[in-house]
Amino acid sequence: MKSEINLAFQKCRKENRPALLTYTVAGDNTKKRSLEILKSISEYADILELGFAHNAPTADGPQIQNSSYRALKKGIKLKDVFQIVKNYKKSKNAKPCILMGYYQMVYRYGEKKFVKKCKQVGVNGLIIVDLPFPDNKEFSKLCKKNSITFVQLLSPTTSKERMKKIIASSHDMLYYISMLSTTGGKLKVSPKKILKNYNKIKRINKSKNTVIGFGITNKTIASLKKADGLVVGSALCKGISDSLENRQNPVIKLNKMVKSLRNKIK
Amino acid sequence: MKIKKGIPLIDQHDKNGFYAGKFGGNFVAETLKKPIDDLTKLFEKYRKDKNFLKERDDLYENYIGTPTRFIKLQNLSDHLGGAQIYAKMVSDCKGGAHKCYNAITHAMLCKRAKKKYICTDTGAGYNGKMFSMVAKKFGLGCKVFMGARDIERQKPNCDAIKKNGAEIIPVNSGSKTLVDAVSECIRYWVANCDKVHMGIGSLVGPNIFVKICGFSTEQISRELKIQIEEEFGEIPNKLKLINCVGGGSSAYGFWSEFIDYKKNQVELIGVEAGGPSKSKLHAAPLSKNSKIGILHGAAAYCVQNSDGQINKTESISSGLDYPSVSPIHCLLKDAGRARYTYATDEEALQAFKLVTELEEISPSLEPAHAFAEAIKIAPKLDSSNIIVVDSCGDSIKDKDIIKKKLGNYSR
């Protein structure tokens with residue numbers, strides 16, 4: 001049986017466009033609001049990544065740090081994150097949902113318990129930022145057993161030899177980090193170069209759905225539309241920050257932003 | 001859990017960088033895997049290279065000014081009327097603390113990696129000061145990440161860092177202390193690892209940083225062993241080595257030559273920051289039985305809540321104000337080789353007061369925690385017991401805090 005994630009990519013491929021993946025933080029700026037945001041942006045996004053906040057993140061840029069900080073300040077707990085996913089997956093237009101975060105949170109909760117809970121509430125995939133290959137082998141197996149896609153990351157520093165091993169051990173989605181940066185940095189590499197690296201991955205195994213993330217905004221997204229999927233995270237987190245600052249409704253703001261992103265790649 | 005004899009503790013990890021199968025490791029973003037692999041290869045190549053070691057030893061001897069003194073604290077011993085108390089004056093080092101050893105190794109590796117920039121974190125400011133000092137000597141650009149709260153409370157070291165031409169990057173996230181400085185430094189490295197060498201300031205972080213730091217601070221123990229043998233003709237039968245523990249770089253360096261001795265001959269005592277006596281906050285994951293958590297790339301005992309968030313810590317000493325601790329000390333604790341306890345802010349201050357009143361030394365608030373434990377146990381022991389305290393930092397950086405808390409500061 002094909003996973004929901006795989007089906008989402010397939011659908012986009014048929015429509016001759018990349019999948020649009022969004023990233024927002026669970027509980028930003030409240031539990032209720034973050035659920036409303038997910039429901040609202042599902043109108044245009046294909047796969048939704050949802051961050052579970054940790055207070056010592058080592059790879060997040062300032063925008064996502066701000067979002068995490070807001071969520072933590074309001075007391076977000078893992079149990080709330082699971083509840084948000086559960087409620088979201090019940091909504092009528094629900095898309096595949098990928099949880100993303102740091103290993104400490106999973107470790108403290110208990111790997112098995114965490115994955116089981118993910119399955120129970122309808123999580124489709126997991127990205128654990130700081131659990132790289134080969135340390136992730138066991139965890140990856142555990143995910144597979146529970147029909148959850150464990151998404152591995154590849155970066156410009158990943159050697160070809162290592163790339164092959166990671167791809168061989170990967171499930172049906174891979175995440176290519178566009179440049180040396182924390183999340184949300186300014187795109188400091190040309191789209192041409194990013195796509196060149198992206199093609200290296202596709203040449204090793206073209207059947208893996210490979211998305212590109214980091215530094216993608218409304219301005220840059222169109223230049224990368226040859227990819228299987230594109231992730232926009234920090235720009236959306238900033239959208240929430242901006243709307244809060246201007247006393248606007250972040251749900252409406254994010255809906256508009258995601259609509260505009262989708263229009264750029266349709 | 002057993003510690004192997006004859007092998008440096010820092011090398012007793014498995015192929016994935018874990019000590020005892022569960023402490024340490026490399027929990028890093030994919031982007032950092034290659035830079036860490038490259039650094040590991042570089043370090044393994046040079047750690048046994050004769051020219052590298054010769055250059056390092058020359059720097060230690062002529063630049064840092066080793067060996068540092070080993071002195072008897074006769075007045076303090078007489079006053080307490082029990083064990084004989086000695087101090088290893090690591091604060092004699094150029095710059096005033098043990099952080100120079102690690103900084104030199106990192107600068108030497110940075111040069112050999114052909115990188116022109118180096119970055120590091122700092123809490124008390126000594127690590128930042130030493131990196132800036134060594135960077136200047138080696139002609140490297142240097143960025144020091146420091147929590148905004150620590151910048152306020154450790155001004156003398158900040159002035160020194162700036163004077164050495166390094167840039168201090170204030171970190172305003174979280175508790176604005178060392179934990180946030182290390183996170184920010186790692187984030188900076190993620191984005192700049194192609195051009196910049198990172199040195200973590202303690203025995204923490206991904207495995208290679210634990211190893212480089214331990215390899216560097218072992219110098220303290222090598223000197224101490226010779227000095228103890230010179231003083232007593234042998235290693236005494238009842239020796240106690242007391243050291244403060246934040247990340248644990250000086251404690252490992254102080255103990256490394258003595259780990260293979262039986263614990264009833266050489267007792268290793270680590271003193272963590274117990275925080276203010278009236279507060280529940282502390283920075284003592286080992287002695288207050290915190291659970292294992294993953295912070296800054298390594299699994300170790302870590303002050304955290306039930307959901308996995310890192311808890312706020314509190315200590316009068318910036319250098320010990322860290323929620324986690326080295327995997328090496330987790331190993332030493334679980335193997336029962338070292339004993340860990342804590343001293344409160346007040347105990348550390350009182351220890352500082354007593355030691356400086358009686359002796360011609362002036363330990364910073366970090367080693368003052370170790371002195372507090374020495375003062376606690378010395379009266380209960382007879383004079384055949386030898387206590388050695390690592391006076392690993394100089395108090396000048398703490399003059400404002402001490403003046404505020406004790407009414408005056410003089411030295």
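## Basis and overall fold

Helices (H or I, at least four residues) and strands (E, at least two) are DSSP runs, numbered from the N terminus. The model is a predicted one, in which local features need pLDDT of at least 70 and side-chain atom pairs count only at pLDDT 80 or more, while totals for chains, interfaces and linings use all residues. Residues are numbered from 1 along each chain as its sequence is written, with chains lettered from A and ligands numbered from 1 in the order in which they are written.

Chain B contains 14 helices and 14 strands. Its radius of gyration (over C-alpha atoms) is 19 Å, close to the 22 Å that the globule rule (2.2 Å times the number of residues to the power 0.38) gives for 411 residues, so chain B is as compact as a globular protein of that length. The C-alpha trace of chain B spans about 55 × 45 × 45 Å along its principal axes.

## Burial in chain B

Of the 411 residues in chain B, 62% are buried (20 or more other C-beta atoms within 10 Å of the residue's own, C-beta atoms being placed from the backbone). In helix 1 (residues 30-46) of chain B, the buried residues include Leu32(B), Pro35(B), Ile36(B) and Leu39(B). The cover over the buried residues of this helix includes strand 6 and strand 7 (173-177) of chain A, along with helix 8 (178-192) and helix 9 (207-232) of chain B.

## Interface

In total, 32 residues of chain A are in contact (C-beta atoms, placed from the backbone, within 7 Å) with 31 residues of chain B. Helix 5 of chain A gives the most to the side of chain A that touches chain B, with 6 residues.

How values were computed:
Contact = placed C-beta atoms within 7 Å. Buried ≥ 20, exposed ≤ 12 C-beta atoms within 10 Å, placed from the backbone.
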